[in-house]
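Here's a quick briefing to read with the model open beside you. Take a look around first, then come back for the guided tour.

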Amino acid sequence: MPFVLGITGSIGCGKSTVTRLLGELGALTLDADRLAREILAPGTPGLAAVVARFGPEILSAATPAQLDRRALAERVFADPAARRDLEAIVHPGVYRAMAEALDHWERTSRPDGPCIAALEIPLLMETNADALCDLIVVVACGDRQWERLANRAGMSGTSLRRVMEQQLPEAEKRLRAHWVIDNGGGPEAAGWQARRLWDEVLRRAGARDAGRAWPDRWRAWGAWP
Ligand code: ADP
């Protein structure tokens, strides 16, 4: 069974960066945003469900029919009930896709190697997925978030504010985390902290797996000198 790290944090704080570093150290990495995009790709049941709910106006003119993300965003940000309906289509699909990927990875990975997954989930706490993870990691960077986001292409101030409104405040995320990466420093500090986290995860995953076999280990104990 994989040891699952849930990587979350506010937009621009370094979730992708930390998840990539964990991937380089040996974790399987999955990105909830990417999976959400795949769920609504042309020809998918997800896109059909969204069109059934919101109408063909949320499709672009391209062939095959593609989601007009901007049109959909306008609809759901103006109407909380519409947003809930969209989330009810997308969020379960994301968690199902993650479960399938984890299952596949477990069946195909080396049995003696560490089986550790780092799942990047921006709305992990907001979707109450804490319980699905063995370790919840919050990547925080305080005020540096704004300067890092300044370089993000294609995101207006308004859409940024909307994303922020969906997310819990950083202080609350810190309270619900098992582990916090303070990513206010440079890339070197991020790398160092990712390695420290990785060492801790290897220790915890090893202890958990050893614990799973406890009855046999305990029964076999007792070879006193
Ligand atoms: P998120 O996934 O949380 O939205 P990213 O990992 O994409 O955040 O980081 C946002 C921006 O900040 C990216 O351009 C990234 O390269 C940069 N960045 C992240 N961590 C650091 C760091 N420790 N030092 C300098 N730049 C960083």
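Predicted model: local features only at pLDDT ≥ 70, side-chain atom pairs only at ≥ 80, totals over all residues.

**Cysteines**

- Cys 13 is tucked away too: it counts as buried because its relative accessibility is 0%.
- The closest cysteine sulfur to that of Cys 13 belongs to Cys 141, at 3.0 Å, which is too far for a bond.
- The disulfide count for the structure is zero.

**Nonpolar cores**

- In soluble globular proteins, nonpolar side chains tend to be buried together.
- The largest nonpolar core here has 36 residues, and the ones touching the most other members are Val 50, Phe 54, Leu 72, Val 94, Met 98 and Leu 119.
- Seven elements each put in two or more residues: strand 2 (28-31), helix 2 (32-39), helix 3 (45-54), helix 4 (69-78), helix 5 (80-108), strand 3 (116-120) and strand 4 (135-140).
- Helix 5 is the top contributor to this core, giving eight residues.
- There's also a second, separate core of 17 residues, with Leu 5, Ile 116, Ala 118 and Trp 198 among them.

**Helix 2 against helix 5**

- These two helices pack at about 115 degrees, and their axes are 9 Å apart.
- Helix 2 and helix 5 are therefore roughly perpendicular.
- Helix 2 brings Ala 32, Leu 35, Ala 36 and Ile 39 to the contact, while helix 5 brings Val 90, Gly 93, Val 94, Ala 97 and Met 98.
- The crossing of helix 2 past helix 5 is right-handed.

**Helix 3 against helix 5**

- Here the axes come within 10 Å and cross at roughly 160 degrees.
- That angle is why helix 3 counts as roughly antiparallel to helix 5.
- Helix 3 also passes helix 5 in a right-handed crossing.
- On the helix 3 side you'll find Gly 46, Ala 49, Val 50, Arg 53 and Phe 54, and they meet Ala 81, Ala 82, Asp 85, Leu 86 and Ile 89 of helix 5.

Methods
Residues numbered from 1 in each chain as written. Heavy atoms only, no water. Core = buried A, V, L, I, M, F, W, Y, C linked by side-chain atoms within 4.5 Å. Buried < 20%, exposed > 50% of the residue type's maximum accessible area, 1.4 Å probe, protein only. Helix = DSSP H or I, 4+ residues; strand = E, 2+ residues; numbered from the N terminus. Disulfide = S-S within 2.5 Å. Axes fitted to C-alpha atoms, helices over the stretch in contact; angles between N-to-C directions. Parallel < 35°, antiparallel > 145°, perpendicular 65-115°, else oblique. Left-handed = near helix turned anticlockwise from the far one by under 90°. Contact = heavy atoms within 4.5 Å.
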